[in-house]
Amino acid sequence: MMLAVLSSVLLSDGPFDLDAVDPERLRATVSHLSSMNTRNTNTPECVEACKWVMSKFEEVPAFKGNVELMSYHITKGSRVPKDLDVVQVVATLPGKTGRTIVIGGHLDSINMAQGADPYTARAPGANDDLSGVSMTLEAARLMASKQWNATIKFVAFTGEEQGLLGSKALAARAKAENWDVEAVLSSDIVGSSQNKLGQKDDQHIRLFSEESDKHQGRELARFIEWQTRQSVKGFGVKLVFRRDRFGRGGDHTSFTAQDYAAVRFTEVFEEYAYQHTIDDLPEHMDFRYLANVTRVNLAALASLADAGEPPTGVRVVLDQSADTTLRWTTTPGTSYTVFWRATTSPVWEGAFEVGEASTYVAKRINKDDHVFAVGARGGVPVVAR
C-alpha cells in the first residue's frame, strides 16, 4: 500500500502540492537511462546520458536557456585511464535573490565486479544513482511552477565513482564565483526500501550530516527532519549524525569541504550486492518509496526556497527566570519562527510562529534545559547563543 502524504507544504503565497509527485515518471527516467550499457564518466555513453538529461530539463519552459552542459577536466589516476574533459548537467531555476540551493544526484555508473572491465562492462546503475537523478528531474518539473525567493540549481553530477570529481568541480566553481549557497541536498541510493537479508523500512530515509562551526549542515538536517514531520504523513527522516557512511563518501562532502551546508539522503537498508554490479536494475527498486523520498526533498526544498533572509545576532537574554527571552536582528518584511528542544533531544520538539518580531518570550521553558533557535519562516534555524 502506498504511504499517505499530506497534500501540500504551506508557503507564503499558498500551498505546494506534494501529491503531484509521479512514481511512474520516476520509473521511466530510471528505466531509460539504466538501459544504456554504461554511464562511466570516462565514456561517450556518459556524455550521451548527460545530453538526454539536459533535454528533459529543457522540456520545462522555465529552464529554457538555463541548462548547462558543464565541462570540467579530470586527470589520469584511480579509475581515470587518461586526462579527459568530461561533462555534467546543471539546470538553474532563477529566483528573486542570489541565495542558492543545490539539489542533485550522480548520473555516472560503474561496474566493479571481479574481472569486469569498468569502462566497457554493463553498469546499469539504477539505484546508484539514477534514483537520485530521477528525483532531481521530478523535483525540477514541480518546482518550475513558480518563481521562488532563492535560486535553485538542479544537478546531475558525474565523476562521483572516480572520487567525487564532478561535485568537487562544481563546489570549487561555486566558491570561485561567490555563489551564496545556503543548502545542498544530495540524494544517493534512495530508491529501495529493503535488502536481500529481509530487512525492510519503507517509512524512513536516512539523512547524514556533519557538525561544524563553519557551516550549518547539522542544523540543515534537523530542519529537514522537522519539515518532513510537518508535511509528509507516514514517512519520515532518520537522522544520522555522521558526515557519511563508514569509509565511504558522497557528493555532499565536496560542498562541506568548501564550508557549505550539505547533507546526504540514503535509504535505510542498502543492498550492497546491487551496487557497482550488473544487478543494479530497476526491478530491484521500490518506486513508491522513491516517490516519498522525492516528497521529502520537495518539502524541504520548497520551504527553503520560499524563506526570507535568516536572522542574525540570535541570542538568549541572560536573566534568572523560568521563562526564556530571545532576541535577534531582523530583515524588514520577514516573518520568523522560534524553535526549541531539550539539550538531550536530537530533533526540534516545538516551534512558535512569531511574525516580524525581533524578540520572543518562551513561557515556562527554561534556558538551562533547552536549546533555542530562530529562523526566517521556512528557513534553517540559527541557534541562539
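Me: Which residues of α7 does α5 meet in this model?
Reply: In this predicted model, the α5 side of the contact is formed by L220, F223, I224, Q227, T228 and S231. By class, the contact of α5 with α7 has seven nonpolar, four polar and no charged residues. The residues in α7 that α5 meets are V296, A299, A300, S303 and L304.

Me: How does α3 stand to α7, roughly perpendicular or oblique?
Reply: Helix α3 spans residues 126-143, and its axis comes within 10 Å of the axis of α7, with a crossing at roughly 50°. Because of this angle, α3 is described, relative to α7, as oblique.

Me: Is the crossing of α3 and α7 left-handed or right-handed, and which residues of α7 make the contact?
Reply: The crossing in which α3 passes α7 is right-handed. From α3 the contact is made by S131, S134, M135, E138, A139, L142 and M143, and by class the contact of α3 with α7 has nine nonpolar, four polar and one charged residues. On the side of α7, the contact is made by L290, T294, N297, L298, L301, A302 and A305.

Me: Which are the edge strands of the open sheet of three strands?
Reply: The order of this open sheet is β11-β12-β15, and the pairing is antiparallel, while the twist averages 15° from one strand to the next. An edge strand here pairs on one side only, and the two that do so are β11 (312-316) and β15.

Me: Which residue in β15 stands opposite T325?
Reply: Strand β12, made of residues 324-329, pairs with β15 in the antiparallel sense over four bridges. Opposite T325, the residue that stands in β15 is V361.

Me: Is Y360 buried or partly exposed?
Reply: Y360 lies in strand β15, which covers residues 359-362, and, not counting residues up to four places away in sequence, Y360 touches T324, T325, L326, W328, V338, F352 and V354. The relative accessible area of Y360 is 22%, whereas buried means under 20% and exposed means over 50%. Y360 is therefore partly exposed.

Me: What distance separates the C-alpha atoms of Y360 and R327?
Reply: Along the chain, Y360 and R327 are 33 residues apart.

Methods:
Residues numbered from 1 in each chain as written. Predicted model: local features only at pLDDT ≥ 70, side-chain atom pairs only at ≥ 80, totals over all residues. Heavy atoms only, no water. Contact = heavy atoms within 4.5 Å. Nonpolar A, V, L, I, M, F, W, Y, C, P; charged D, E, K, R; others polar. Buried < 20%, exposed > 50% of the residue type's maximum accessible area, 1.4 Å probe, protein only. Axes fitted to C-alpha atoms, helices over the stretch in contact; angles between N-to-C directions. Parallel < 35°, antiparallel > 145°, perpendicular 65-115°, else oblique. Left-handed = near helix turned anticlockwise from the far one by under 90°. Pairing = 2+ DSSP bridges.
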